[in-house]
Amino acid sequence: MLRPAQSALVYLYMEPVDMRKSIDGVAALVEQEMDLSPALEAIFVFCNRGRDKIKLLYWERNGFVVLYKRLV
C-alpha cells in the first residue's frame, strides 16, 4: 500500500511518457531528465500522450512502488 510521508513532495513529469516503461524506465527519466534521485521522499507522476493513463513512482524503504491507473 502506498503510504508516503506527509512531507513527501509530488513531481509531475510534463512530457508524455510511453506507459510500457518499467520501473527502471521511469526511474531513469527521474534521474536523467528531472535531475533528481528516484529514492527521494517524493512521488513522481507520469502521464501518457492522451492523459488517460498515469503512473506513479515512489521509493518505500527497500524498493520502488509503481502504481498504474487507466482513467475513464
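Q: What makes Arg-61 count as exposed or buried?

A: Arg-61 has a relative accessible area of 76%. Exposed means over 50%, buried under 20%, and partly exposed in between (1.4 Å probe, protein chains only), so Arg-61 is exposed. Arg-61 is found in the loop between β3 (53-60) and β4 (63-70).

A word on the model: it is predicted, so local features need pLDDT of at least 70 and side-chain atom pairs count only at pLDDT 80 or more, while totals for chains, interfaces and linings use all residues. Residues are numbered from 1 along each chain as its sequence is written, and side-chain values use heavy atoms, leaving out hydrogens and water.

Q: How many aromatic pairs does the structure hold?

A: The structure holds three aromatic pairs.

Q: Why is the pair of Tyr-11 and Phe-44 called stacked?

A: Their rings are 5.4 Å centre to centre, with 15° between the planes. Rings of Phe, Tyr and Trp (its six-membered ring) pair if their centres lie within 6.5 Å; planes under 30 degrees apart count as stacked, over 60 as edge-to-face and the rest as tilted. Therefore this pair is stacked.

Q: Why is the pair of Tyr-13 and Phe-46 called tilted?

A: The planes of Tyr-13 and Phe-46 are 45° apart, and the centres 5.8 Å, so the pair counts as tilted.

Q: How do you know that Tyr-13 counts as buried?

A: Tyr-13 has 12% relative accessibility, so it counts as buried.

Technical notes:
Helices (H or I, at least four residues) and strands (E, at least two) are DSSP runs, numbered from the N terminus.
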